[in-house]
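Welcome, and thanks for taking a look with us.

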Amino acid sequence: MWAIARTELKKTVQDKGLWFWTFVLPIVFIVAFVAIFSGDESTSYKEVVTQIIPGYTIMFAFFIMISMVIVFVKDRERGMVARIASTPLSIHQYFFGKWLPFMIVVLVQITVLFGFGVVVYDLPLGDPFALILLSLALAFIVTGWGMAMAVIVRTENMGIAMTQILALGGALLGGLWMPVEFMPEVVQNISKALPQYWALQGYKEIILSGGGVGDIWFHLVFLIVAGVAGGVLALVSYPRFLRQSRS
Amino acid sequence: MIKVENISKHYGTLQALDNISFTINEGTCFGLVGPNGAGKSTLMKILSGILLNFDGDIHVRDWQVSKDRLKIKQQIGYIPQEICLEDTLTARDNLILFGNLYGLKGKELQHRMDEVLDQIGLTDRVKDKVVTFSGGMKRRLNIGCALLHKPGIVIMDEPTVGIDPQSRNSIFSIIHQLKAEGSTIIYSSHYMEEVEQLCDSIGLIDKGQLMEFGRMEELLEKYAKPSLFIAGEGIELGMLQSFGEAEAKGNGYLLNSEEPLLTLEKLVAHCREHRLEPRRLELYHPRLEDIFFNLTGTQLRDA
């Protein structure tokens with residue numbers, strides 16, 4: 001299990017594409033959108049950075065699913081999945097070893113983007129314990145869904161397309177680009193079924209309203225349950241994934 | 001001893017394996033031969049513990065695959081047809097990965113890595129990334145990763161596909177070394193001459209069924225009769241049939257005979273008498289390919 005995790009982490013660190021999606025592009029988006037919206041006199045500067053920095057952090061956290069899809073599909077196509085299945089490693093250990101490095105990457109991503117917000121835009125952080133728990137839950141759901149997607153999709157392109165639908169569609173409907181209050185009632189209802197919405201509302205609760213763990217417990221439960229569902233789906237789909245693997 | 005009992009496997013309505021049974025003795029090399037789609041890969045996947053959902057059972061030593069899967073997997077070194085290596089990492093990283101997966105750590109792992117690197121001839125390239133390796137070097141490292149934990153059973157699925165003769169010879173010497181050390185080897189290949197050269201016993205598989213199983217010499221004795229090959233101007237099937245059972249083969253004819261040397265003498269005398277000039281006239285040694293043809297009516301490469 002740790003051998004798989006170490007190997008995956010080494011490969012991840014060498015992946016320049018991942019660095020671009022995870023750190024460079026989100027920072028460019030944050031800088032651009034804060035510059036655009038901070039000129040709006042009807043919204044306070046604090047509201048702008050509290051909407052944009054967590055919003056884009058959540059949106060780009062979902063893009064880790066692309067890297068997960070690429071890794072899993074490549075492993076399947078070059079027979080690595082079958083090769084590892086021939087070793088004494090259990091399915092649970094295999095998934096844990098594959099999942100952990102991506103969880104770490106997303107947590108580092110959240111830390112870097114929020115850190116950027118604090119240093120450059122004076123972003124307030126609120127209760128650190130609640131912030132850490134919510135970030136863990138966010139990392140858990142994006143990597144859980146990433147594993148499910150990676151095991152289910154037939155091709156890399158299909159996985160990338162579906163990730164973009166989930167990340168961008170979820171960002172739009174979940175209120176990451178603009179507050180859901182500005183959207184029609186039907187969209188507001190849809191957004192309540194999306195993890196992006198609960199993650200953003202959780203961050204806003206902590207940063208803007210000074211909320212603690214007690215105020216975001218439902219947000220945490222929603223994200224963790226959705227993440228567990230992704231993990232279970234990945235486990236259930238594994239036999240088919242293994243059958244499709246070359247050997 | 002590996003005892004395969006009544007193995008069947010379906011993919012939907014397709015029956016990939018149909019009630020296959022055989023026994024492989026410890027310390028021998030068993031060759032699995034058959035055309036594409038015969039069920040070889042499915043059987044190799046079952047033997048190596050990758051495919052779990054099948055009918056029948058496999059016994060390895062005192063263990064039963066349905067009950068002692070992990071113990072059996074620890075005894076197996078699986079060398080897949082695909083090169084399963086992390087290209088962007090070094091040879092060392094790859095060996096550490098597979099060593100760890102089989103529970104090797106620390107000094108024990110280092111010691112085994114040194115031995116295996118020496119065995120596969122890659123000691124001087126251990127710190128290089130796999131992406132810089134030739135196809136043959138990758139194949140050898142692929143083998144090395146499966147040998148780190150000193151498996152008693154080595155399963156090799158087409159290990160010489162797409163490599164240069166030098167690397168093929170190197171792989172053959174690894175196999176001979178494994179045989180000398182007493183490992184049991186299960187070897188699948190399209191190259192009949194490889195199987196003939198390396199294996200003690202073979203299983204011929206076609207359309208999911210085990211057509212024949214046994215020691216190489218026994219099968220050659222049973223199915224492939226000694227014969228003569230003759231080709232040349234004026235040599236015709238009708239004339240040859242007076243000497244025995246004859247058939248067209250390539251650009252000449254194959255003449256089956258229980259006593260090929262005697263028939264050869266008669267044939268030479270006949271050619272002299274009728275002023276026939278054979279371009280080729282030779283004793284034909286039966287091959288594995290002939291056994292397959294006798295059993296299925298098709299050549300392996302046409303099937």
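This is a predicted model: local features need pLDDT of at least 70, side-chain atom pairs count only at pLDDT 80 or more; totals for chains, interfaces and linings use all residues.

## Where the chains meet

On the chain B side, helix 2 (69-75), helix 3 (91-101) and helix 5 each supply at least two of the residues that touch chain A. Helix 3 of chain B gives the largest share, with 5 residues. Sorted by class, this side has 16 nonpolar, 6 polar and 6 charged residues.

## Area and salt bridges

In total, 28 residues of chain B are in contact with 24 residues of chain A. The two chains bury about 2,400 Å² between them, and 59% of that lies on carbon and sulfur atoms. Within chain B, the residues that lose the most area to chain A are Ile50(B), Glu86(B) and Leu101(B), together 23% of what that side buries.

Glu86(B) also forms a salt bridge with Arg78(A), with 3.0 Å between the closest N and O atoms. The count between the chains is 3 salt bridges.

## A look at helix 6 of chain B

Helix 6 of chain B runs through residues 165-180 and spans 22 Å from its first C-alpha to its last, close to the 22 Å expected for its 16 residues. Just after this helix, Gly182(B) takes a positive phi of about 95°.

Its buried residues are Ser167(B), Ser170(B), Ile171(B), Phe172(B), Ile174(B), Ile175(B) and Leu178(B). Among the elements of chain B that cover them are helix 4 (106-120), helix 5 (135-147), strand 7 (153-157), strand 8 (184-188) and helix 7 (192-198).

Conventions. Residues are numbered from 1 along each chain as its sequence is written. Chains are lettered from A and ligands numbered from 1 in the order in which they are written. Side-chain values use heavy atoms; hydrogens and water are left out. Helices (H or I, at least four residues) and strands (E, at least two) are DSSP runs, numbered from the N terminus. The expected span of a helix is 1.5 Å times one less than its number of residues. Buried means under 20% relative accessible area, exposed over 50%, partly exposed in between (1.4 Å probe, protein chains only). Contact means heavy atoms within 4.5 Å. Buried area is the accessible area (1.4 Å probe) that two parts lose on being put together, summed over both. A salt bridge is a side-chain nitrogen of Lys or Arg within 4 Å of a carboxyl oxygen of Asp or Glu. Ala, Val, Leu, Ile, Met, Phe, Trp, Tyr, Cys and Pro count as nonpolar, Asp, Glu, Lys and Arg as charged, and the others, Gly among them, as polar.
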